[in-house]
Amino acid sequence: MKKIYIFDTTLRDGEQTPGVALNPQEKLEIAKQLEAMGVDVIEAGFPISSNGDFEGVKLIAKNIKNSTVNALARANKSDIDRAYEAIKYAPKKRIHTFLATSDVHMKYKLKMSEEEVLKRATEMVSYAKTLVDDVEFSPEDGSRTRREFLYKVLENVIDAGATVVNIPDTVGYSTPNEFGKLIKDIKENVPNISKAKISVHCHNDLGLAVANSLAAIENGAEQVECAVNGLGERAGNAALEEIVMALRTRKDIYKCDTGISTERIYRVSSIVAHLSGISVQPNKAIVGANAFAHESGIHQDGVLKNRETYEIMTPESVGFKTNNMVLGKHSGRHAFEDRIIELGYNLTKEQLNEGFKKFKDLADRKKEISDKDIEAIINQGVVSIEDYYKVEVFNVSTAKNISATATVKILYNDIEKVEAACGDGPVSALYKAIERSIDISPVLEDYSIQAITSGSDALGEVKVKLSLDGKKVLGMGISTDVIEASLMAYMNALNKLRN
């Protein structure tokens, strides 16, 4: 069966999703999950874009052993040098360089002629080849590039040493028939195409990214660039989980597979959603909360008689657990550890100890602890942040027609500060009191709250976005008490600003 290589760009294009900002440790955690899932190539970032991105790519390169670590670079020497410096520690490394080739991009963005673009692309692929054996080239806006010029560019970069040529539908403009034919035409009109893998990178502006990617595979593409949960610029990228499960479920049509450990899909999706702050919509294919839910009586009756009546794949095949064993305050450490293993998490001893402590604290507040509760606890602790700021005590008072008040005692740098403030509501008062207590003045850019489990004692998850001197961070907190969750989220974000 034909192998389709999965190139994951969650940490590069996915991080370009508006509002997403991952620190190096968060990027490493996601990279480890992708590696464990069997992703062939991890695009770790765009090293020239910032020092933080460079450090994140370097950290991933030093820790990932099985997947190829890829860094993006524009077609110039400084970008390529920076990319190499970040990935040089990886056992398997790739430089991915790109240059726009469509008429509209060359005329208005690059202000370069076809001859200049051809020369630059060829020279920079050749230069990257002196640094690494594995070089990928993307003609940006390839789907809108004049065909004859596209063929010429691809032929020249392959001669220069490109091992992968990636065809981007950069603005999500193509349709499946059109994009599939483009890949077929490339195979028939680029004389040396057999010397390189054909890759595709499809955006979802018209909701066709997955369909276009599958059409490309039908016509000879060997690598697909995608992102977990479909994250990415604008409407996002082709969703990794949808492509993988489409190929797995419809082997009769595509006659290929990816080698991805599909049982890890839900867990990776959950961790990416948590760390990115971008929740998965309930009706999202494969990983949405409703993906395997049946409300219609007719559907329920059919599934109870034979699951194949309304389910074309099993929940277990993507990592959902159908046996929702409930734990409580009398459950011991062994039961908790067994449940963690059954849910598929591989935790360090420290993470397990911290998770069990949070589990027992939550069990004192909730009668029953579900799998969703446990996953929320674990996901919150997958990346540890040093607590520079610590809340020793907090108190909030609120009533109708009276301003809310809050008092906090915060410890940092061996300083203990106690402050109080009033606000339009309890969270506003709490945040104002914290602001008075600390030595920095961040801007609160966003605040959101949602229930992540069910019932009157549901866990609430609060997300806050803070910015300071151009740095943006996402903080998260979970608790059955929404005020406490709000406090935890704000302090989590503050500590990320200091890390």
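## Salt bridges and a pocket: a selection tour

Start by selecting lysine 472 and glutamate 445: their side chains meet in a salt bridge, 3.8 Å from N to O. Salt bridge here means a side-chain nitrogen of Lys or Arg within 4 Å of a carboxyl oxygen of Asp or Glu. Lysine 472 sits in strand 16 (residues 471-479) and glutamate 445 in strand 14, so the pair ties together parts 27 residues apart in sequence. Helices (H or I, at least four residues) and strands (E, at least two) are DSSP runs, numbered from the N terminus. Glutamate 445 is partly exposed, at 44% relative accessibility. The classes are buried, under 20% relative accessible area; exposed, over 50%; and partly exposed in between (1.4 Å probe, protein chains only).

Before moving on, note that this is a predicted model: local features need pLDDT of at least 70, side-chain atom pairs count only at pLDDT 80 or more, and totals for chains, interfaces and linings use all residues. Residues are numbered from 1 along each chain as its sequence is written, and side-chain values use heavy atoms, with hydrogens and water left out.

Next, select glutamate 136 and arginine 94. Their side chains form a salt bridge at 2.8 Å, N to O. Glutamate 136 is in strand 6 (residues 135-140) and arginine 94 in strand 5 (residues 93-100), distant parts of the chain 42 residues apart. Both ends are buried: glutamate 136 at 0%, arginine 94 at 5%.

Now go to glutamate 43 and arginine 12. Their closest N and O atoms are 3.0 Å apart, in a salt bridge. Glutamate 43 belongs to strand 3 (residues 41-45) and arginine 12 to the loop between strand 2 (5-8) and helix 1 (24-37), so this pair ties together parts 31 residues apart in sequence. Glutamate 43 is buried at 0%; arginine 12 is buried at 11%. The whole structure holds 30 salt bridges.

Last stop: the second largest pocket, about 1300 Å³ of space. A pocket is an open set of points on a 1 Å grid over the protein atoms alone where a 1.4 Å probe fits, with protein on both sides within 12 Å along at least five of seven lines; lining residues have an atom within 4 Å of a point. Select Tyr266, Ala289, Lys372, Glu375 and Ile452, which lie nearest its centre among 43 lining residues. Then colour helix 15 (371-380). Helix 15 gives the most to the lining, with six residues.

Definitions and conventions
Points joined across faces, edges and corners; volume = space filled by probe spheres on them.
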